[in-house]
Amino acid sequence: MSRHDQPHILVVDDDDRLRDLLTRYLGENGFVVSAARNAAEARSSLAGMQFDLLVLDVLMPGEKGVDLARSLRDEGTKVPILLLTALSETEDRISGLEAGADDYLAKPFEPRELVLRIEAILRRYAQVPAPLDENAGDDKSTMAQFGNFTFDLSRMTLQRGSEHIYLTSAEQALLAALVRRRGETTTREDLHQMMGGNAVDPGASRSIDVQVTRLRRKFEEDPKQPRYLQTVRGRGYVLYVD
């Protein structure tokens, strides 16, 4: 793989030792890596270069990683974001998902796990929608229709007619899990594990709730009274399709 073909990662962390370690390790595992010590440096890098994924530390002096993620999403930035959090910072992790982050990894972590999570996110984002071919027959087993929206399980894409609806990779994974169990109630814990999450993650249930809320805003006419993605009180969630 040439350097041009390697994914470009921006690591943003005020911890010099960890930032240098991650920069070196990711570089040894097939990525081009740039680094920044804070949000201001990250914004400067983003203004001059294109990245395939951002790795943001939650707790940084000045503008926190969560605040930077939210600001970038508000500005329309669609580059995937992975947050690095301390194990006890459940609220920060939830806030990060609410802000539009794709995933989070609790410190301390094995560098190899970070690589695997980055690769999983990039695989999802690589599945961009192909041009519509009206003469081609769709594989109905991979398609889920709810209202004016269609989710293609094979490509992990949500569309309203010919319009592509942006989903973070976490939203893609959750919607795929719900589509695979369409019409069946699935617990939050099962959904979290189907998305590749850690079974002992103390924030798993709340993380799923946050992602469900975000998904409803993207395809429910009234997210507060959902027709398709419904809560089954005391049990979990179920997706109904047309």
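Q: What makes Leu46 partly exposed?
A: Its relative accessible area is 23%. Buried means under 20%, exposed over 50%, and partly exposed in between, with a 1.4 Å probe and protein chains only. The 23% of Leu46 falls in between, so partly exposed is the term. The model is predicted: local features need pLDDT of at least 70, side-chain atom pairs count only at pLDDT 80 or more, and totals for chains, interfaces and linings use all residues. Residues are numbered from 1 along each chain as its sequence is written, and side-chain values use heavy atoms, leaving out hydrogens and water.

Q: Where does Leu46 lie, and which residues does it contact beyond its neighbours within four places in sequence?
A: Leu46 lies in helix α2. Helices are DSSP runs of H or I with at least four residues, strands are runs of E with at least two, and both are numbered from the N terminus. Beyond those neighbours, Leu46 contacts Leu10, Phe51, Leu54 and Leu72. Contact means heavy atoms within 4.5 Å.

Q: Why are the buried residues of α2 said to line one face?
A: The buried residues of α2 (residues 39-48) are Ala39, Ala42 and Ser45. Seen down the axis, they fall within an arc of 120 degrees, so they line one face of the helix. The arc is taken over the directions from the helix axis to the C-beta atoms. An α-helix has 3.6 residues a turn, so residues three or four places apart point the same way. The buried residues of α2 pack against β1 (8-12), β2 (32-36) and α3 (65-74). The face turned away carries the exposed Ala40, Ser44, Ala47 and Gly48.

Q: What makes α6 and α8 roughly perpendicular?
A: Helix α6 (residues 169-180) and helix α8 (residues 204-219) pack at about 85 degrees, with axes 10 Å apart. Angles of 65 to 115 degrees count as roughly perpendicular, under 35 as roughly parallel, over 145 as roughly antiparallel, and the rest as oblique. The two helices are therefore roughly perpendicular to each other. Their contact includes Leu174 and Leu178 of α6 and Ile208 and Leu215 of α8.

Q: How many residues of the chain are there, and what share counts as buried?
A: The chain has 242 residues, and 48% of them count as buried.

Methods. Axes fitted to C-alpha atoms, helices over the stretch in contact; angles between N-to-C directions.
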